Amino acid sequence: MKRRDFLKATLGGTAATLCATSVEARPNLEPAPQAVGMLFDSTLCVGCKACVSKCKEVNDMPPVIDGDKTTWDSARDLSDQTLNVIKVYRDGNATTKDSEVDGYCFEKRSCMHCVDPGCVSVCPCTAMRQDKVTGIVTHHPDVCIGCRNCMVGCPYNVPQFEYNKLFGQIRKCELCNQPGVERINKGQMTGCAEACPTGSTLFGPREALLEEARRRMQLKPGELYRYPMGDITRPYNYHEKIVPTYKQHIWGEKEAGGTSVMHISSVSFDKLGMPPLEERSAASIAESVQHSVYSFMALPALALAGLTYTVRKNTRDHDEGDDQ
Amino acid sequence: MSAHQALGGRIFTKPFLVLLLIFVVGLVFMVERFSSGMGAVSNLNGGFAWGIWVVFDVVVGTAFACGGYALAFMVYVFNKGQYHPLVRPAVLASLLGYALGGFGAFFDMGRFWQFYEIFIPGNWNFNSVMLEVGLCVAVYIIILALEFAPAVLEKFGMHGLLKSLNKVLFFLIALGVLLPTMHQSSLGSLLIAMGHKVHPLWQVDHMQPVLALISALIMGFSIVIFEASTSAVGFSRKSEASLLAKMRQVIIGLLSTFLIVRLLVLLVQGKLGLIFAADFASLMILLETALFAIPLVILLSPERSSRGSQLLIAAMCMLMAGSLYRFDAFLLTFNPGPGYSYFPSAAEIMITLGVVAFEIMAYLILVKTLPVLHREERAL
Ligand code: SF4
Ligand code: SF4
C-alpha cells in the first residue's frame, strides 16, 4: 500500500466513523413510566440535617465529624459514609436567607437518579442498574469489579468507593430501595423525605413533582403557599410559608436528559455547585459512538476478514522471499 | 535455523541493579496496597477516581506498547518486508507493556478479588466502553504472548509446536492488528461519557476514538524508532536508522492527520478561542501541538531524518506528545467540580515506577536469553 492510499484509508475511516455516528445517534433516554423521585426546594431548607442523620440510620453508617463539631453529623460532602449531605452557600456577610448577594442558603447532594444515568451506561459489568418501572438507579456489588468508571461517568460525583477498606465497595443513594431496605417497594417514601420537617425534600412520582415545581415557579413572591410535606401523593402535613423569588429553573427537568431528583432554588445553580450540563447526556453520545463502531460486531468482523486475507497473502510473500 | 539470536551477556549489570532496587521499593508499596487497601497508599478520591495507575499504567502505558501494533501494520498489512528484523523485539516490548498495563489495571481495581466478573458474559453491558477495553486488552495480551511464542519455542527446540503455530500465525497477526485498533480507539472513547469533566479543548466527543487511535499509532512507531536507536547504542548494534527512516512517510501522514483533524474539530465545535485563553489548558494544548509539530518538521526534511540523532529527537517528541495528550485529557485538565484535587502520592508513583522497572528488567533478560534480536543486524 502506498502512503497516499494509507492516508486515504485513514481519512476514509475517519469519515465513515463520522457518518455512522450521525446516522445512528441515540437520543437521550425517556423517563421510566412510573418514575419516582424527589423535589428539593432549597428555599424551604433550614439546614437542620435531619435528612442526613435519617439517611445514616437507614444505611447503617456512622456520623462524620468535621473538626470539633461533635454535636451533629458535620459531613461536608458526599463520601462512602455519607450518601446524602446538606451543604451551605454563603456570600458576603451571609445575613439574608436565599439571597445570592450577602446571603446564604442550603443545598442537598445525593444521587439524582438520572433519567439517562452515566453510571449505568459506563459500567462494564451491569453493576449499576436502572429500574425499568421506577427509574431508580441501584448498585449491585456482587458483580462490581471496582473499576470506578461509574464515579468518573457520573456528572455529579455521586458514587463513592470505600478506599479505606481492603475489600471496599461502591456506595451511593439507592432511593431507599436497596435490598434489605426496599422502602419504595413497601409503599413508603424515602427516609430523607420522611425526616424533613419543612417539606424541603418532597417524595413522589417524577411527573407530579415536576408539576409541583412548575406551580411554584408561577407563584407570586410574597404570597402565602401551603407546601406539602412528605409524599406529594399523600402529604402528612403542610407547611405554610411566604413564597420567595424563585429562579425560573427546575434543575433536573432537562439537564443531561433530566433527573428524577429535582431541585429548585432562589440562588442560581452554578453558585450552588451544580455542574455545567447541556441537554444532551454524555452517555447518549458515548453510546452512539460505541454502537456505530460496534453494531453487532459487524464492522470488527469485516475488518478481521480483510486483515486476515491481507496478512495471509503478505506473509506468504515473505516466506517465499525468505526461502530464496 | 532461526534468523534471530539471543544477545547473551551478563544479566546483573549496574543499570539492572538500579532497576531492581526501584522494583523492590515499588513492591513494598504493592504489598501495602493489597494488605491495607487503596486508601492507605493512594490519593484517589471521590472526584478523581482515576489517578496515575489508570492514566499512566493503562492509558499511556498501552500506547507506549503499540510498537508491535504499528510494526504489524507495516510489515504484514502494507507488505513492507524490510522491517521484519524489528518485529520480534517490538512484539516483546508490546507484550510486556500490555501485560503490565493489565497488571496495573488489576491493582487499581477496587474489587480485585472478583475481577473475573468482567469475563462473565451474563454481566456484560454492551453500552460500556470499559467493557470493550477490558475484554479487548485481555485477549490482546494472549495474542501478543502467542505472537512472541516462536522465540520461546525456538529456544527450547520445540519444532513441532512451532510449525503448527506458524500455520495459524497469519490469523493471530490479523487479530493483533484488529484488537489494538479497537481498544486504542476506545481508550479515547472513555472520555466521552465523562462529559463536562473533560476540558472542552479535549472533549471532542465523536472524534475521541479517532484522535486516540492516530496518536497511539504515532506513539507505536516512535517507540520502535526509540527502542531500535537506544538498543543500537546500548547493545552496540548496527544502527537501524536507514531502515527506520523509511517509516517516515507513514508517520508524516499520521502526524498531519492528527493535527488537521484536531484543528478542524475545535473549529467546528467553536472552541478555537480557548487555545489562546492564556490559562493552564491553553498552555498545555500549545505544548502538545508543538510536540506533534516538531517531529513533523524533522521528518519532512529528508536530510534531517537520515540522521539518527534527529530521528531520535523526533521519536521522543512524539512519545511525549501522545503521553501529554492523554495526561492532559484524563488528569491535568480534568475537572470533576469544586472541592476535589489530586496529586499522586509517593506510593502511587513508586508502584508505577516499580512496574516500569520490572518491564525493562524483563525486556533485558529476555533479549539476552531468547532469540529476539535479528541475526544479520548484530555486530561481531
Ligand atoms: S447522579 Fe450519578 S450515580 Fe446518580 S443516577 Fe445519575 S449518574 Fe448515576
Ligand atoms: S466500579 Fe463497579 S459499579 Fe462502578 S463502573 Fe466499575 S464495575 Fe460498575
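Which hand does the crossing of helix 10 of chain B and helix 11 of chain B have, left or right? I started my notebook with that one, and the crossing turned out left-handed. A reminder to myself: this is a predicted model.

**Entry 1: helices 10 and 11 of chain B**

I looked up the geometry next. Helix 10 covers residues 248-268 and helix 11 covers residues 280-300. Their axes come within 9 Å and cross at roughly 150°. Then I checked who touches whom. On the helix 10 side I noted nine names: R248(B), I251(B), I252(B), L255(B), S256(B), F258(B), L259(B), R262(B) and L266(B). They meet a set in helix 11 that includes I285(B), E288(B), T289(B), F292(B) and L300(B). Sorted by class, this contact has 13 nonpolar, two polar and three charged residues.

**Entry 2: helices 4 and 5 of chain B**

Helix 4 (residues 67-77) packs on helix 5 (residues 84-108) at an angle of about 150°, and the axes are 8 Å apart. Over 145 degrees counts as roughly antiparallel, so that is what helix 4 of chain B is to helix 5 of chain B. Helix 4 of chain B passes helix 5 of chain B in a left-handed crossing. From helix 4, G67(B), G68(B), Y69(B), L71(B), V75(B) and Y76(B) take part. Facing them in helix 5 I found H84(B), L86(B), V87(B), A90(B), V91(B) and S94(B). The class tally here is eight nonpolar and four polar residues, with no charged ones.

**Entry 3: chain A against chain B**

How many residues does each chain put into the contact? I got 66 from chain A and 75 from chain B. Together the two chains bury about 6,100 Å², and 64% of that is on carbon and sulfur atoms. I also looked for salt bridges between chain A and chain B, and the count is one. D108(B) forms a salt bridge with R148(A), with the closest N and O atoms 2.9 Å apart.

**Entry 4: a salt bridge inside chain A**

One I wrote down joins the side chains of E100(A) and K271(A), at 3.7 Å from N to O. Where do these two sit in chain A? E100(A) is in the loop between strand 3 (96-97) and strand 4 (103-109), while K271(A) is in the loop between strand 12 (261-264) and helix 7 (282-294). The pair therefore ties together parts that are 171 residues apart in sequence.

Conventions. Residues numbered from 1 in each chain as written. Chains lettered and ligands numbered in written order. Predicted model: local features only at pLDDT ≥ 70, side-chain atom pairs only at ≥ 80, totals over all residues. Heavy atoms only, no water. Axes fitted to C-alpha atoms, helices over the stretch in contact; angles between N-to-C directions. Helix = DSSP H or I, 4+ residues; strand = E, 2+ residues; numbered from the N terminus. Parallel < 35°, antiparallel > 145°, perpendicular 65-115°, else oblique. Left-handed = near helix turned anticlockwise from the far one by under 90°. Contact = heavy atoms within 4.5 Å. Nonpolar A, V, L, I, M, F, W, Y, C, P; charged D, E, K, R; others polar. Buried area = accessible area lost by both parts, 1.4 Å probe. Salt bridge = Lys/Arg side-chain N within 4 Å of Asp/Glu carboxyl O.
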